[in-house]
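Welcome! Take a look at the sequence and the model, then try each task before reading on.

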Amino acid sequence: MSINYKDAGVDVAAGQEEVKLIKTIVEKTHDSNVLSAIGGFSGLYDINFKNIEEPVLASGTDGVGTKVIIAQKMKKNDTIGIDCVAMCVNDILCQGAKPLFFLDYIGAGKLVPEKMAEIVKGVSLGCKIAGASLIGGETAEMPGVYNIDDYDLAGFAVGIVDKKKIIDKSLIKEGDILFGLSSSGIHSNGYSLVRKIVFEENNFSLDQKFQGLEKNLGQTLLEPTKIYVKEMLPLVEEGLIHGMCHITGGGFYENVPRMIPNGFCAKVDLSKVKRPQIFNLLQEWGNLKLEDMYGTFNMGIGLIFAVDKNDEKKVMDHFKGYDSIYKVGSVVKGDNKIDLKY
């Protein structure tokens, strides 16, 4: 008896159906620099920017970790793509780069076109928020690697920055003011700990509601990662930003020092930051130390940036009416790179 690829668990026709479903979604993210159409062997993007003297490409790649398990359990797959884009574009933003384009990768146990289209819908929305074009991607059906209902999602972003405007540690100096922008929730880090607390230690259901949470537990955990590109790029282009860090895996203790040069210390005070209730609940449910919380999660601040103390008013004017910016500290001389108060 003969067998074929479908008998082995890979449905080529399903892949073709997915391409049809996502074609319009993807094309809506394209700008005039996109030279390729969906279905080609690669994505083409024209980088002939005459207004940039020394163009430098910046790239970043990431996934959403085990947050995908929450999406799978909730059977809600249309926002996890926003997280994937956010994790990449927020990183390259920290070097001063404007996102240009994005590509995604989905590995799945079984390719269900409608489900894959939902995921790509989220990726597309994330690209729109970031001002990036979704110019390509790959969906791989891999039975034997993934269980039938499982999938993983990753991607990478490419951006551009003028060489003289690259943000690096050399711009940081004593007296610089540190600002923090609020997060939308947990974002996309620490979900292995979250799942251990929620499922293993407490056996909670994702549809449970808890005091202080506007949505049920599952919806709260799926709140998409905030994308900071549109808020921050005008300040970057004006040359006001001396340093920037995305608060991702490792929390404040790992990420803030990445923007601080040797001999200096970020003196950070988060005691007045409004902490989303989900963090308070996780700490209580898991009986976690605050130090571990701030070393794992963003605790309400998703991005920290440094500016000259004389530019404080310009920053506050830029964020006028924006109720989620905090003055969180300053740069001082010291060898510890971070002095965190909470």
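**Exercise 1. Find how strand 2 is joined to strand 4, and in which sense they run.**

Step 1: Strand 2 and strand 4 (residues 151–162) are joined by 10 bridges and run antiparallel.

Step 2: Pick out one bridge. Ala108 has Tyr151 in strand 4 as its bridge partner.

Step 3: Turn to strand 3 (residues 133–141), which runs parallel to strand 2 and is joined to it by eight bridges. Here Gly107 is bridged to Ala140 of strand 3.

Step 4: Strands of a sheet pair through backbone hydrogen bonds, either parallel or antiparallel.

Step 5: Check how covered strand 2 (residues 98–108) is. Nine of its 11 residues are buried, so the strand is mostly covered. Buried means under 20% relative accessible area, exposed over 50%, and partly exposed in between (1.4 Å probe, protein chains only).

A word on the model before you continue: it is predicted, so local features need pLDDT of at least 70 and side-chain atom pairs count only at pLDDT 80 or more, while totals for chains, interfaces and linings use all residues. Residues are numbered from 1 along each chain as its sequence is written, and side-chain values use heavy atoms, with hydrogens and water left out.

**Exercise 2. In what order do the six strands of the open sheet lie?**

Step 1: Reading across the open sheet, the order is 6-8-5-9-7-10, with mixed pairing.

Step 2: Zoom in on one pair. Strand 7 (residues 264–269) and strand 9 (residues 325–333) pair in the antiparallel sense over five bridges, and Lys267 has Ser330 in strand 9 as its bridge partner.

Step 3: Find a helix that lies across strands. Helix 7 (residues 229–237) lies across strand 5 (177–182), strand 6 and strand 8 (301–307), and runs at about 155° to strand 6.

**Exercise 3. Which residues other than glycine have a positive phi: what are the values for His187 and Lys337?**

Step 1: For His187, phi is near 65°. This residue sits in the loop between strand 5 and helix 5 (191–201), and His187 is buried, with a relative accessible area of 1%.

Step 2: For Lys337, phi is about 70°. Lys337 belongs to strand 10 and counts as buried at 16% relative accessibility.

**Exercise 4. Is Ile197 buried or exposed, and what does Ile197 touch?**

Step 1: Locate Ile197 in helix 5. With 3% relative accessibility, Ile197 counts as buried.

Step 2: List the contacts, where contact means heavy atoms within 4.5 Å. Not counting residues up to four places away in sequence, Ile197 touches Asn202, Leu282, Trp285, Gly286 and Leu288.

Step 3: Leu44 counts as partly exposed at 44% relative accessibility.

Step 4: Leu44 and Gly136 are 92 residues apart along the chain, and their C-alpha atoms are separated by 8.9 Å. Ile197 and Glu141 are 56 residues apart along the chain, and their C-alpha atoms are separated by 31 Å.

**Exercise 5. Into which domains is the chain divided?**

Step 1: The chain is divided into domain 1 (5–165) and domain 2 (176–340); such bounds come from an automatic or database domain assignment.

Step 2: Their centres, taken over C-alpha atoms, are 25 Å apart. The contact takes 29 residues from domain 1 and 30 residues from domain 2.

Step 3: Step back to the whole chain, which has 11 helices and 10 strands. Of its 342 residues, 51% count as buried.

Technical notes:
Two strands pair if DSSP finds at least two bridges between them. Helices (H or I, at least four residues) and strands (E, at least two) are DSSP runs, numbered from the N terminus. Axes are lines fitted to C-alpha atoms, for helices over the stretch in contact, and angles run from 0 to 180 degrees between N-to-C directions.
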